[in-house]
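Here is a friendly walk through the packing and the charged pairs of one protein model. Take a look at the structure first, and then read on.

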Amino acid sequence: MNAWANWENDFEIACAALAWQVELGVDEAICDAPVNRFELPAAAPERPAPSAAAPAATPTAATPAPAQTDPVAVAEAAARAAPDLAALQEALAAFPHCDLRLGARNLVFCDGQQNARVMIVGEAPGREEDRQGKPFVGEAGQLLDRMFDAISMGRAHPDPSRALYITNILPWRPPQNRDPSLEERAMFRPFVLRHIELAAPDIVVLMGRISAMTLLDTAEGITRIRGQWRELAGRPALPMLHPAYLLRNPAAKREAWADLLALQARLRGDG
Ligand code: URA
């Protein structure tokens, strides 16, 4: 076979492999640039298996075992050291212990007004949020905007008592919008708590199950605790049903409306 025929053959095989993946439901590439695995450096030589003649070294005072990095402790130190929101965003971008950053297009930090009386904490960016680098800009975000518009509040409102400030537990999009793992939630929790401290809202809205469970450190379900005022970082916090849940369960909009009215009353000082 000449080189041209070879190339044609490879091309057809690659096309068939791609078509097969699409048929299986693959709908996106995880990295921006393709990775040519034939060009990756050769694997590191395998270590010889420990033999009876050379037993594995046990750590002694002279050779201490390498300390395991605790991502939560690293996150706590990095978050504590951030003096303002810009520094906190930089600390998140530099935080190396979450592989989600490798597959994400953008870090999603915040949207809205930093002096807003109400701060909303959602779950994690989806596809559209990842694309735009802003929280709640996809379908669920549009519903969130309509919900708050119904009580005359919004992320672009210039009046702090009507404005919203919005963030998420995770700053990076999980693949296929899967739920954030317990480890991911634990390592970003210190950043979110510091985010709340620095933004200093009067009220925090915990938007959805993941946000409420992570920040209130509870196993109680969201349908049980929604609408119940809790305390978070010295502030009143209101767990609410996530707009993505409301899109799937429109009948639950009644509860969401009750929670919005409770929020409005609390902001007016009569709730
Ligand atoms: N859902 C969230 O919880 N956050 C977003 O930013 C988008 C969807």
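## Charged pairs and the core

Glu184 is buried, with a relative accessible area of 9%. In this predicted model, Glu184 has a salt-bridge partner in Arg178, with 2.8 Å between the closest N and O atoms. Arg178 itself is partly exposed, at a relative accessible area of 34%.

How many salt bridges does the structure hold? There are 11, and three of them are set out here:

| Pair | Closest N to O |
|---|---|
| Arg178 and Glu184 | 2.8 Å |
| Glu220 and Arg230 | 3.1 Å |

Asp259 counts as buried, because its relative accessibility is 3%, under the 20% cut-off.

Glu220 and Arg230 also form a salt bridge, and here 10 residues separate the partners: Glu220 sits in the loop between α8 (209–216) and α9 (222–225), Arg230 in strand β5 (residues 230–232). Glu220 is partly exposed at 26% relative accessible area, and Arg230 is partly exposed at 24%.

Now to the nonpolar side. The largest nonpolar core has 59 residues, and Val118, Ile120, Phe148, Phe188, Phe191 and Leu263 have the most contacts inside it. Helix α7 (residues 182–199) gives the most to this core, with 6 residues. Beyond its neighbours within four places in sequence, Val118 is in contact with residues including Met153, Leu164, Tyr165, Ile203 and Leu263.

Definitions and conventions. Residues are numbered from 1 along each chain as its sequence is written. This is a predicted model: local features need pLDDT of at least 70, side-chain atom pairs count only at pLDDT 80 or more; totals for chains, interfaces and linings use all residues. Side-chain values use heavy atoms; hydrogens and water are left out. A nonpolar core is a set of buried Ala, Val, Leu, Ile, Met, Phe, Trp, Tyr and Cys residues joined through side-chain atoms within 4.5 Å. Buried means under 20% relative accessible area, exposed over 50%, partly exposed in between (1.4 Å probe, protein chains only). Helices (H or I, at least four residues) and strands (E, at least two) are DSSP runs, numbered from the N terminus. Contact means heavy atoms within 4.5 Å. A salt bridge is a side-chain nitrogen of Lys or Arg within 4 Å of a carboxyl oxygen of Asp or Glu.
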